[in-house]
Amino acid sequence: MCTICDTRQTQRRNFLTLTAAGVAGAMGLSAAPARAADKPKTTLSADDALARLQAGNATFTETPALCAARLGEQRAQLTTYQAPWATILSCADSRVPPELLFGGLGLGELFVARNAGHLADMATLGTIEYGSAVLGVPLIVVLGHESCGAVAAACEVVQKNTQFPGFIGPLVEAIVPAARAVVGRSGDFLDNAVRENARRTAQAIVTRSKLVAEAVAQGKVRVVAAHYDLDSGRVEFL
C-alpha cells in the first residue's frame, strides 16, 4: 500500500496523535505546517474553552472596559508558534468580530474562519480540520447572529422566490434549506432561520469531516452552535 494510503489510515485510527509528517502528508501541507504540529498545544479541554468564551462574553457585555488585549506582549510571545483553544466559524458581518465579543481576546487564542452565513464549504472545512489536527484546538463554535443578511436573503428566496446575482446566488441557496425548515414555526422567521442555520452548519462539520467526526466520537473535540444578539452583545450557546 502507498505511503499516502498508510498515512490516511493513521489519520482515521488516531486523529489527534498524528505525527507532524503524517499530518503534512495526508493534508498535502508543506514542511511549515508540519513544524507547527510539533509546537505546544493548548491544555484546555473543550468544556474549559467553552467556559472561557462564556466568561469573555460576559465581560464584553457587562464590563467592556476590562477587555484588554495586551497585543504587543502577545505578538512577541507568538512569533514561533500558536496554540489557539477555540475555532470560531462566524459570519463575515462587520458587527460580529469573534475576538472582541468573547472578551477582547488577543493574538493566538482563537482560530477564526468567516464567510457570509457561516457556511461549512470546502475551504472552511479544511481550515477547521487544520485547527483540530495540526493545532490541537478542542472546541469548534459555529456563531450565527441576529439580523444576518445572508440568512435574510435565504428567507426572501423562500418567501418571494427571489434570485440573487453572481456568486451570491449559490451562497444563499446553501442557506435556503435551513430557512425552509422553520417556515411556520412560532417566533420570528429570520431569527429562527439564523439559529437553524447555525445548528445545521455545526452538524455539517461533523457529518462531512471524518477527521472531526472521529475526534468528536473520541471526546477530543466538541462542536457547538451559538447565536449572537446585536442588541445586548450576548452570545447564547444553542
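**The sheet and its surroundings**

A: An open sheet of 5 strands runs in the order β2-β1-β3-β4-β5, with mixed pairing. Strands are DSSP E runs of at least two residues, and helices are H or I runs of at least four, numbered from the N terminus. Two strands pair if DSSP finds at least two bridges between them.
A: This is a predicted model: local features need pLDDT of at least 70, side-chain atom pairs count only at pLDDT 80 or more, and totals for chains, interfaces and linings use all residues. Residues are numbered from 1 along each chain as its sequence is written, and side-chain values use heavy atoms, leaving out hydrogens and water.

Q: Which are the edge strands?
A: β2 (110–114) and β5 (235–237). Each pairs on one side only.

Q: How many bridges join β3 to β4?
A: 7, and the two strands run parallel.

Q: New topic. Where is Ser-90, and is it buried or exposed?
A: Ser-90 sits in strand β1. Ser-90 is buried, with a relative accessible area of 0%. Buried means under 20%, exposed over 50%, partly exposed in between (1.4 Å probe, protein chains only).

Q: What does Ser-90 touch?
A: Its contacts (heavy atoms within 4.5 Å) include Val-96, Pro-98, His-118 and Leu-143, not counting residues up to four places away in sequence.

Q: How many residues has the largest nonpolar core?
A: 20. Such a core is a set of buried Ala, Val, Leu, Ile, Met, Phe, Trp, Tyr and Cys residues joined through side-chain atoms within 4.5 Å. Helix α4 gives the most to this core, with 4 residues.
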